[in-house]
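Here is a short briefing on one protein chain. Look over the sequence and the model, then read the points below.

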Amino acid sequence: AITKAEGPRMVNLHGRQFECMQTATMQPNLAPGPGDEWALLPPFPSPKPEKKAPQMPPDVSTLEFKNIKQHDESISATGSILDATLKVFDGYGAVKEERPLIATDMLVPQSQLRKLEVM
C-alpha cells in the first residue's frame, strides 16, 4: 500500500498505482488543460489603501506650552548693547560682517536680561 511506504510519500502520477486508484474511485482528471494556465497564477493583489499625508502639529511657543504669562512691567530685550560688536566670519577666517551687537542676537524678545558680562 502507498500509505505504508517508507521515505517521502510520493506518487508517480503517470504510474500504474495512481491509474488504478483514479479508476477505482472514478476521480475525474483535475489537472488544468490547455488554456487554463491562468488558474495556476496567484490571485491579483488588492490595491493598497491610500495613506493620508501626516499633519504637522501646530506651532506653539514655549511660553504658551508651559503656561507662562509674561508680565507687562518686564523690559523687552531690544536695542543695542553698548561697546559690543558682532563679527561674522566666513569659512576661511575673513570677516564677512561686522555690526553693533543687539540683544536679539543672543535672546528672544520674551527673555529678560539680568546681567551681561562682557569679556
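This is a predicted model: local features need pLDDT of at least 70, side-chain atom pairs count only at pLDDT 80 or more, and totals for chains, interfaces and linings use all residues. Residues are numbered from 1 along each chain as its sequence is written, and side-chain values use heavy atoms, with hydrogens and water left out.

**Fold and confidence**
- The chain has two helices and two strands, in the order α-α-β-β along the sequence.
- Helices (H or I, at least four residues) and strands (E, at least two) are DSSP runs, numbered from the N terminus.
- Mean pLDDT, the predictor's confidence in each residue from 0 to 100, is 76 for the chain, and 71% of the residues score at least 70.
- Among the elements, helix 1 has the highest mean pLDDT (87) and helix 2 the lowest (77).
- Over residues 72-77, pLDDT stays under 50; the model has nine contacts there beyond four places in sequence.
- A contact means heavy atoms within 4.5 Å.
- Where pLDDT is low, the predicted coordinates should not be read in detail.
- Of the contacts with a separation of 6 or more, 30% join residues 24 or more positions apart.

**Burial and helix 1**
- Buried residues make up 6% of the 119 residues.
- Buried means under 20% relative accessible area, exposed over 50%, and partly exposed in between (1.4 Å probe, protein chains only).
- Helix 1 spans residues 16-25, and the count of buried residues among its 10 residues is zero.
- Met 26 follows helix 1 and is found in the loop between helix 1 and helix 2 (62-65).
- Phi of Met 26 is positive, near 55°, in a residue other than glycine.
- Most residues other than glycine have a negative phi.
- Met 26 is exposed, with a relative accessible area of 72%.

**Salt bridge**
- A search of the whole structure finds one salt bridge, defined as a side-chain nitrogen of Lys or Arg within 4 Å of a carboxyl oxygen of Asp or Glu.
- Glu 97 pairs with Arg 99, and their closest N and O atoms are 3.0 Å apart.
- Both partners are partly exposed: Glu 97 at 36% relative accessibility and Arg 99 at 28%.
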